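Welcome! Let us take a short walk through this structure together, one stop at a time.

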Amino acid sequence: MSGPVERTTATRRVSVDHALCSGTGHCAETVPAVFRLADRRAWLRPDADLDAADAQALVRAETICPWMAVTFERQEST
Amino acid sequence: MSEQPVPAFKPYEGKAAHPWEQLAADRARCPIVHSPELDSVQVTSYEAVKEIGRNHEAFSCTYSAAWPLEEPVPEELQVFTLADPPRHTRQRRLIVRALSASRINRMRPFTERTVNDLIDGLAARGGSFDLVTDFASPVSETHISELLGIPEADREYVLRTALLPESTGLANTEGLASPELEAWSDYLRETVRTRRAAGPGADDLTTTLCFAEENGDRFAEREIGLLILGLIAGNASTGAAIGNLVRALEQHPDQKTAYLGDIDGLTETLVEEGLRYDGPILGLYRRTLKEAELPGGHVSRPGERIYFSLGAANHDPEIFDRPDELRLDRDRKELPASMAFGYGVHHCIGMNLGRLQAEVALSTLYRRLPGLRLRPGFTPEQVPGPMFRSWTSLEMVHDGPVLPRTDRA
Ligand code: HEM
Ligand code: SF4
């Protein structure tokens, strides 16, 4: 394992589905603070501060992933 | 507007065996320049090529990525690189799972058997063969037939007809089809009906497409037919890729020696670096829908037709040191991905299948055929035009005897 593929905070959830990811690296280029590439797959950086990450960039990463492997959800906080 | 230089890249005038020099001259003078020969804005820098892929909202495929027409193609014909999101997104979502890296890896035993069978056949031909027609094309045709579950008896017909330019319906949007085209539409429609009647059990991609639903609706027969065509057309790049890889290796004797010394360790690298050096897609088109800036300062205006060269991007010295050399010792971890499979939402959906075929093809050829080389004195030729890099024929020779199959322990 080269890191987590799913993380949830109080307000956000980001995941990479390894049944789909084919390692193009688009996500890591779009949001390097959150995604990294290793062994031809994308992983979440264990130390990433999800709540501080640029939400627009996360939406772009989700949109541009050619394998539709990235999910970014915002929970409307309670 | 200032006087712009006329680009050196002239892909219709007897295509250079290595267009990198022309493209390098253009990039060095002006990486984004109007080309009278292409009647388009020509883009040759890595960063600008990537930006065109990234910004699919400004740079549209709906006028066709093969030659943008004056009007978008009719919506019902828009598939893959004739489509933009959201129509494109919905099509792609259906298919990514079947072609993902993890799924395609399971096909490896099939690939090994197919490639070894073909090499057994080459052995029977004596010491020479045509790599393109006797090996690379059959490898790719066998794979797409397996993936789509095309019945054995129909294969020749389907593969031949699918690659006719008229088969997408673009040349014939009035619906005034010739008898052959009509027969073809009937065939596709019938295929969808038969698969639907047979039920969702089979695991070929045609069946998957037939039973896919979006908000409770199945896809139209016509759309499924066009998606199948798109997959067959896209897959044809693999045959060209295998030829380009062999030719690249043969042109770099020191790299070939290194490769033969460590086939296990270097095959993945050879395929990545070889597709950077000479991938089958030289360049593609888009049409600008809304004003957008490209790296280098060019502001693209709505209506502009853009030719962007993946080959030129892959030979950009800003990104790849000594770009015009095939080098297996590049530190790939430190380099950005090559543009051989494109960039962005249209990034090649067959990448994993293409890589698998190329890796097994190259490693098995060089392992089993001692002394494999281009026939001395043979000069290969390129297909014409700005879109493809593909050798029409590669005459190879080897010394016997052929070594045992690699797919049986
Ligand atoms: C080494 C082999 C291959 C190379 C270098 C290659 C290259 C490419 C490139 C550069 C694109 C992007 C087109 C664009 O942006 O306009 C593309 C798209 C595509 N390729 Fe491949 N390809 C290969 C193999 C395959 C295979 C095996 C298949 C079929 C299974 C395939 C099917 C497709 C399809 C359907 C598209 C359109 C994707 C979309 O618009 O979303 N390709 N390919
Ligand atoms: S963009 Fe998608 S396919 Fe590419 S590495 Fe990231 S998750 Fe994987």
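**A walk through chain B**

L266(B) is a residue of helix α12, which spans residues 263-278 of chain B. Please keep in mind that this is a predicted model. Is L266(B) buried or exposed? Its relative accessible area is 17%, and because buried means under 20%, L266(B) counts as buried. Setting aside neighbours within four places in sequence, L266(B) touches A258(B), Y259(B) and L328(B). One of these contacts reaches across the chain: L266(B) and L328(B) are 62 residues apart in sequence, yet 7.6 Å separates their C-alpha atoms.

Next, turn to the sheet. Five strands of chain B make up an open sheet with mixed pairing, and their order is β1-β2-β10-β7-β3. The edges are taken by β1 (32-35) and β3 (59-60) of chain B; each has a single partner strand, so one side of each has no neighbour in the sheet. The partner of β1(B) in an antiparallel pairing is β2 (residues 40-43) of chain B, with four bridges joining the two. Within this pairing, I32(B) has V43(B) of β2(B) as its bridge partner. Helix α2 (residues 46-54) of chain B packs on the sheet, where this helix touches β1, β2, β3, β7 (283-288) and β10 (305-309) of chain B. The direction of α2 makes an angle of about 125° with that of β10(B).

Which protein residue provides a donor to the iron atom of ligand 1? The single donor from the protein is the SG atom of C348(B), at 2.3 Å from the iron. To find C348(B), look in the loop of chain B between α13 (310-313) and α14 (351-368).

Definitions and conventions: Residues are numbered from 1 along each chain as its sequence is written. Chains are lettered from A and ligands numbered from 1 in the order in which they are written. This is a predicted model: local features need pLDDT of at least 70, side-chain atom pairs count only at pLDDT 80 or more; totals for chains, interfaces and linings use all residues. Side-chain values use heavy atoms; hydrogens and water are left out. Donors are N, O and S atoms within 2.8 Å of the metal (3.2 Å for Na, K and Ca); water is not among the atoms, so sites may look incomplete. Two strands pair if DSSP finds at least two bridges between them. Contact means heavy atoms within 4.5 Å. Axes are lines fitted to C-alpha atoms, for helices over the stretch in contact, and angles run from 0 to 180 degrees between N-to-C directions. Buried means under 20% relative accessible area, exposed over 50%, partly exposed in between (1.4 Å probe, protein chains only).
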